[in-house]
Amino acid sequence: MAASLKISLQDFVFRPKREKPLHVLELSMPSTMQGEERSYLCVTVTGEKDVKITYVITVEEKTSIQYKIDCMWLLKDLTLIDGKEAMQDYPKIDMHFEQVYSWEAFSTAVKYAFTRCIRKMSKIHYRRDIAFVNFDDDHMSDTGLFQVSEDTMYTGFELCMPSGLLIGIQLGAMLRA
């Protein structure tokens, strides 16, 4: 997820409400959605140290982006997160509040990053662990090999990609010579 998106959400949605975004999960949209509409689940902390999960929809227009908060829940009201499938690459999750809400992330990796953030915030702010079912424990642990944020992986890709292209171009030129 691009840092510019996180900054935009912070500036236009959360800072006026005196909230700080901790994590943003970009959701996969159903093929029936029209236009340039995107949606996100955002984990934020308030000045009163409450942790919220906010469902934000963005609509890109020709000259601007409109942000709309569709739903908001307190993390302390979350009772269970169901990863749906622990042993397969499956980006869907169910979050159990008073109702069950189903979401689909863009990838399984970002689903795990999001759930690790929720687990950590629940332990820090409410001193309790939320029930997690159908998750691979290796991906959920705080010290696992897989704890690399998607921003870090994307930045690494951005840094390595230009040098890889440069090497390929140089090799191509040498082979033609």
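Predicted model: local features only at pLDDT ≥ 70, side-chain atom pairs only at ≥ 80, totals over all residues.
Helices (H or I, at least four residues) and strands (E, at least two) are DSSP runs numbered from the N terminus. Axes are lines fitted to C-alpha atoms, for helices over the stretch in contact, and angles run from 0 to 180 degrees between N-to-C directions.

The open sheet consists of 4 strands in the order β1-β2-β3-β4, with antiparallel pairing; two strands pair if DSSP finds at least two bridges between them. Because β1 (19-26) and β4 (65-74) each have a single partner strand, they stand at the edges, and one side of each lacks a neighbour in the sheet. On average, neighbouring strands are turned by 30° against each other, direction ignored. Between β3 (residues 51-60) and β4, the antiparallel pairing extends over 9 bridges. Thr-58 is placed opposite Tyr-67 in β4.

Asp-94 is located in strand β6 (residues 92-96). Asp-94 counts as buried because its relative accessibility is 9% (buried: under 20% relative accessible area; exposed: over 50%; partly exposed: in between; 1.4 Å probe, protein chains only). Its side chain makes polar contacts with those of Lys-84, at 2.9 Å, and Ser-102, at 2.6 Å. A polar contact is a pair of N or O atoms within 3.5 Å; within protein, one must be able to donate a hydrogen and the other to accept it, and residues adjacent in sequence count only if both atoms are side-chain atoms.

Residues are numbered from 1 along each chain as its sequence is written, and side-chain values use heavy atoms, with hydrogens and water left out. Local features need pLDDT of at least 70 and side-chain atom pairs count only at pLDDT 80 or more, whereas totals for chains, interfaces and linings use all residues.
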